[in-house]
Amino acid sequence: MCDYAGGGDEYSMIVKFHPTFEEELNDSGAGFKAFIPSSLIRRIIFACHGHPLSGHAGISKTLARAMQLYFWPRMRKDVRKYVRGCLHCQKYKPPNKRPRAAPNHKVSSYQPQSMAYPWETICVDLMGPKPTAYGQKKWILVIIDQCTKYVELFPLATASSAIIIQKINEVACRWGHPSKIISDNGKQFVSTIFREFCES
């Protein structure tokens, strides 16, 4: 059921849709949608992408979210332009594209690790620098048990080899010392002190 109210200017027309109970349960986006004027498009895309509850989703998810409730011409083009120009995503989201290998360069494939028990093999990595949090912490040390996929996270103020070794020992006190440590060969994981730690 629809109600219509007309007026003298372009914003005074209101269409109200009163759905049945079954239509209220249908969130497929196939029902009535609000037609958005050009002056409100950026605000709508922000609500579907940049709002704290929207999570800065990608182009496809942001577009699907907008199409459930709204319509305007060239939606896909506007959403793509907005998401690609989002400063928050550019600063904090990792790029989706993998770097191309050089010509005649063989890319080695990942070799699965065989594990006999939990915490025999761990993966370590650093995330950051992030926006500075309480205690001047701007790095996150990630330690994952390769067998159970159990994750431990440690916020760090400095990402030094000594601090990383300290945190690995802290984990080892709870779960046992690993036989193998897998990393991305970042400078903290190939330093002399870290190599000596692994060999000890």
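I looked up Lys-77 and found this residue in helix H4, residues 75-84. Helices here are DSSP runs of H or I with at least four residues, strands are runs of E with at least two, and both are numbered from the N terminus. The model is predicted, so I kept to its limits: local features need pLDDT of at least 70, side-chain atom pairs count only at pLDDT 80 or more, and totals for chains, interfaces and linings use all residues. Residues are numbered from 1 along each chain as its sequence is written, and side-chain values use heavy atoms, with hydrogens and water left out.

I checked the exposure of Lys-77: its relative accessible area is 54%, so this residue is exposed (exposed is over 50%, buried under 20%, partly exposed in between; 1.4 Å probe, protein chains only).

Lys-167 counts as buried because its relative accessibility is 17%. Leaving out residues up to four places away in sequence, I listed its contacts (heavy atoms within 4.5 Å): Lys-167 touches Leu-141, Ile-143, Phe-154 and Leu-156.

I also noted values for the chain. I read seven helices and eight strands. Buried residues make up 26% of the 200 residues. Of the contacts between residues at least 6 apart in sequence, 49% join residues at least 24 apart. The accessible surface (Shrake-Rupley method, 1.4 Å probe; for residues, only the protein chains shown count as cover) comes to about 14,900 Å², and 57% of this belongs to carbon and sulfur atoms.
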